[in-house]
Amino acid sequence: MPQRNMNSRRTEMPAQEPTVRNRNFNEVALGYTTEMAMEEAARCLQCKHKPCVPSCPVAIDIPGFIARVAEGDMEGAYEILSASTALPAVCGRVCPQENQCEGTCVRGLKGESVGIGRLERFVADYHREHSKKAPAASFVPNGHKMAVIGAGPSGLTCAGELAKMGYQVTVFEALHMAGGVLVYGIPEFRLPKSVVQSEIDGLKAMGVEIVTNAVIGKSITVDELFDMGYEAIFIGSGAGLPNFMKIPGESLKGVYSANEYLTRVNLMKAYKPDSTTPIQKSRRVAVVGGGNVAMDAARCALRLWADSVYIVYRRGMEELPARHEEVEHAQEEGIVFKTLSNPVEVLGDEQGWVKGLRCVEMTLGEPDASGRRRPVVKEGSEFTLDVDTVIIAIGTSPNPLLRHTTPGLEVDRHGCLVTYGEGGRTSREGVFAGGDAVTGAATVILAMGAGKSAAAAMDKYIREKNKEQDL
Ligand code: FAD
Ligand code: SF4
Ligand code: SF4
């Protein structure tokens with residue numbers, strides 16, 4: 001084992017300068033060099049009780065892969081990662097690590113936790129750039145067919161796990177491209193699409209078939225999939241239906257849902273000079289919300305010619321739900337945070353275009369059911385932001401199409417699919433579900449964890465159903 005690095009601070013990761021990056025869509029964080037990765041890996045104490053591992057929803061052997069990095073055995077590290085995750089380059093970039101693996105890292109008790117996500121990203125990138133190994137061969141087929149609805153992180157993970165067990169898996173994706181939020185939501189400067197594509201190519205090399213432009217519930221129903229010979233079905237259709245505030249003026253021209261705005265920018269490449277996708281040339285933009293989606297929309301707006309971009313959030317800086325790194329990056333790039341502020345009306349001009357956002361100031365009262373302090377309106381505190389665009393990023397819900405077209409599929413009052421037990425069994429026999437379609441908008445790694453447990457449950461279901469046969 002190389003000599004331990006007892007530096008209390010983690011090894012810095014190079015990034016583009018804020019004043020340069022806020023006008024381009026290239027990746028902000030540039031990743032570790034081999035030397036930096038080995039230096040950071042040497043900070044890991046290789047704790048016997050490994051508190052970081054159970055904090056990772058897919059239970060990566062964190063000290064195991066980090067030990068390989070410290071020794072310079074990057075392919076060995078990659079093998080350990082890929083035993084637990086199909087998307088390490090993605091998770092290394094976008095996981096809310098501070099609340100997961102890094103949140104329980106022992107080094108975090110007296111300094112900064114080990115940069116687990118940065119190391120994961122390094123290993124996955126290293127493998128992509130250096131590996132000469134042929135893509136994984138197909139696994140021994142067991143003769144059973146499975147269908148997956150949605151090619152987001154939950155569906156792709158479920159598909160990969162099933163393929164490893166020998167199932168013939170087809171993923172049906174509504175959009176023209178696989179990846180889910182990873183391609184239509186999270187911007188290029190945070191997660192380059194080539195990185196996502198390469199991880200999807202890895203799944204295809206494992207034998208997973210991906211059919212795009214296939215809206216299940218419209219082109220084919222869930223019941224028709226069974227008729228087509230699929231023996232079990234996983235629904236990973238996400239939560240892509242935007243919520244609005246229901247305040248006056250929300251239907252004015254210049255009001256977008258963050259999903260629409262980000263889809264135009266990311267999937268339809270509106271930022272490219274030769275793109276035919278229309279997008280408003282906004283000068284002054286207010287983004288309502290405080291999560292990752294709000295940060296992404298605000299940072300895209302800044303890169304698309306805006307002079308001023310505000311985040312309008314009804315709680316304080318401490319309560320912002322976005323990843324810390326995204327908030328820091330947004331601040332460095334010049335986004336203005338109007339926290340403890342809540343919109344009450346979008347103002348329009350005579351032509352029906354947005355000309356302002358009327359807001360009230362808030363204070364924080366007693367904790368609500370979520371444990372967070374409830375925002376309370378400050379009397380007489382109204383103010384108006386002079387903006388020409390308002391982007392609403394206050395959450396999303398699952399699209400109702402599948403529940404409307406699948407008899408007997410139980411949903412809760414928020415429209416989320418109801419599941420029973422860890423494996424995502426739904427109220428319909430042979431139908432499993434996971435990810436945002438079940439939890440409502442959450443995180444990539446939780447969606448992946450759900451896809452992985454569902455794959456195990458689907459395998460068990462098929463085995464029990466075919467008891468007499470040897471799978
Ligand atoms: P999705 O990624 O939504 O994928 C669902 C897929 O199903 C989509 O491709 C959709 O087109 C397809 N689909 C839907 N209906 C049908 C149908 N009827 N037939 C066929 N296909 C269908 N999480 C993090 O951990 N870190 C972050 O930094 C982060 N940033 C985010 C930024 C943005 C802008 C957004 C929107 C989300 C972000 N998230 C982040 C959340 C994370 O991306 C989601 O929790 C995760 O993608 C959920 O995965 P999923 O597979 O459940 O659904
Ligand atoms: Fe941490 Fe996410 Fe990687 Fe798990 S997948 S080790 S939670 S960064
Ligand atoms: Fe290493 Fe931190 Fe995990 Fe300990 S808790 S094994 S120091 S990453």
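What area is buried between domain 1 and domain 3, and what percentage of that area do carbon and sulfur atoms give?

Mentor: The model is predicted: local features need pLDDT of at least 70 and side-chain atom pairs pLDDT 80 or more, whereas totals for chains, interfaces and linings use all residues. Residues are numbered from 1 along each chain as written, chains are lettered from A and ligands numbered from 1 in written order, and side-chain values use heavy atoms, without hydrogens or water.

The buried area between domain 1 and domain 3 is about 1,300 Å², that is, the accessible area (1.4 Å probe) lost when the two parts are put together, summed over both. Carbon and sulfur atoms give 49% of it. Within the domain 1 share, Asn22, Arg23 and Phe25 supply 47% of the area buried against domain 3, more than any other three residues.

The assignment, automatic or from a database, places domain 1 at 18-130 and domain 3 at 244-394, with domain 2 formed by 145-240 + 397-470. Taken over C-alpha atoms, the centres of domain 1 and domain 3 are 31 Å apart. Their contact (heavy atoms within 4.5 Å) takes 14 residues from domain 1 and 15 residues from domain 3.

Of the 36 residues around ligand 1, Val94, Ser154, Glu173, Ile216 and Asp436 come nearest.

Key. A residue is near a molecule or strand if one of its heavy atoms lies within 4 Å of it.
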